[in-house]
Amino acid sequence: MKNVFNSLIFLLLSILSFNTASAYDLSGTVLYQGDATRPINNVSVALKNIGNNSIQTFTTGGNGFYQFTNVPNGSYILSGTTSLPGGGVTLYDAALVFLHMLGYYQYTPLQFLASDVDGSGTITWTDYNMIIYHILVGTPFPVGPWRFETSVFAITNLKDGVPHGLSGTCSGDIGGTFVPTTNTTPALPLAQEGILNITTGKPFTTNILTQDELLITGAGLIINFPSELLQVESVEFKGVDFQYNIKDGQIRLIWGNPNTTPLHFKEGESFVTIHGLSTSSFSQGMKAGLSLDGDCSILNTSNQEMTNLHFASPVIEYGNPSLKISNFPNPFSNSTKISISTPVQGTATIEIFAASGQLVKSLSVGNMDSGYHEVNIDASTMAQGYYLCKTSIDTGTTIISNTIRILKSR
């Protein structure tokens, strides 16, 4: 009986030892398109059985690391999801889809995953059009902003066939430009050169100038502007059949494809011309500037994304509105007409001072709209000689004025 009991104990210990030896720790790193320098944080890595039931989940940190403990032998599915915003989608990515469709560019498995933005399992012109529309309008992809590999494997002894990492990609980022640690792609530099003075509610025209000579077949631009200060009305571009969309403080412009006739720009030429109005919030001491988003893309004649580009645009500053006045006739005798061109609406006052500085006449004109006005001045009681005529417009928040010299002849 004792021998039977000892045998049972030995068998139980053997089973426990076997089960312990058959449970493993599984770990790895989630990387952006397999790049060890670009780990992805905040990815929920799921370990599921073949029935797609979750066994364990692990959320990655800044180093992209995940780990599952005490995983028994069996067959599993490893996948990832994230709530991070996507990005990195440029015209270059659309060009790669275009070239792939024509048979000129072969995809890696992750590039295929990034291209299949409609989730059909195949790459078609629908995917190309969706990427173009996403760049132009910002429309989300049916598959969502992220795609992750799905690995199916079996654990027997943690040798061959067991994954030690997982790769993901933003949907549409076939070229792989996205940087997960900053959740963006590096912005294209735009130097601020020169000053454009405008006033509240007034139209303006500004340019983004290229500081390089360019020969391009495509441009996908995202130009950021402060919509609380500037209202963009229209955009000009040298290429024909370009499209643009203005929304939420961004100008999104697309032109060209791999079959497009190249477009030449001289150094210092306007790359984009922007027309708009300053808003009522744009006031004294304020400045506004443009910037180029990281998802801008300019393609050369080899359909490669151009780098080390240099662009410039002036700083848009509030400039004191200019009040223009003149009189006719001058010299005058019994009367003269003061012509006033005011850029703002306000209460107008005309004052006439003798050469000594003494005020000899003051006329309250009342409310005056912006624009051109004429006011007659009765000079019958004024002595012959030179006078200073000062016109002021009081807007309630600021006063603008101008002074001219006038001559009473007799």
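The model is predicted, so local features need pLDDT of at least 70 and side-chain atom pairs count only at pLDDT 80 or more, while totals for chains, interfaces and linings use all residues. Residues are numbered from 1 along each chain as its sequence is written, and side-chain values use heavy atoms, with hydrogens and water left out. Helices (H or I, at least four residues) and strands (E, at least two) are DSSP runs, numbered from the N terminus.

**Helix α4**
- The buried residues of α4 are Asp127, Tyr128, Ile131, Ile132, His134, Ile135 and Leu136.
- An α-helix has 3.6 residues a turn, so residues three or four places apart point the same way.
- The 13 residues of α4 (residues 125-137) should span 18 Å at 1.5 Å a residue, which agrees with the 18 Å between its end C-alpha atoms; the expected span is 1.5 Å times one less than the number of residues.

- Valine 45 has phenylalanine 58 in β4 as its bridge partner.
- The hairpin has 4 residues between the strands, and asparagine 52 takes a positive phi near 65 degrees.

**Cysteines**
- The count of disulfides (pairs of cysteine sulfur atoms within 2.5 Å) comes to 0.
- Cysteine 170 is in no disulfide, and the nearest cysteine sulfur, that of cysteine 296, is 17 Å away.
- Cysteine 170 is buried, with a relative accessible area of 0%.
- Cysteine 389 counts as buried at 0% relative accessibility.

Methods:
Buried < 20%, exposed > 50% of the residue type's maximum accessible area, 1.4 Å probe, protein only. Pairing = 2+ DSSP bridges.
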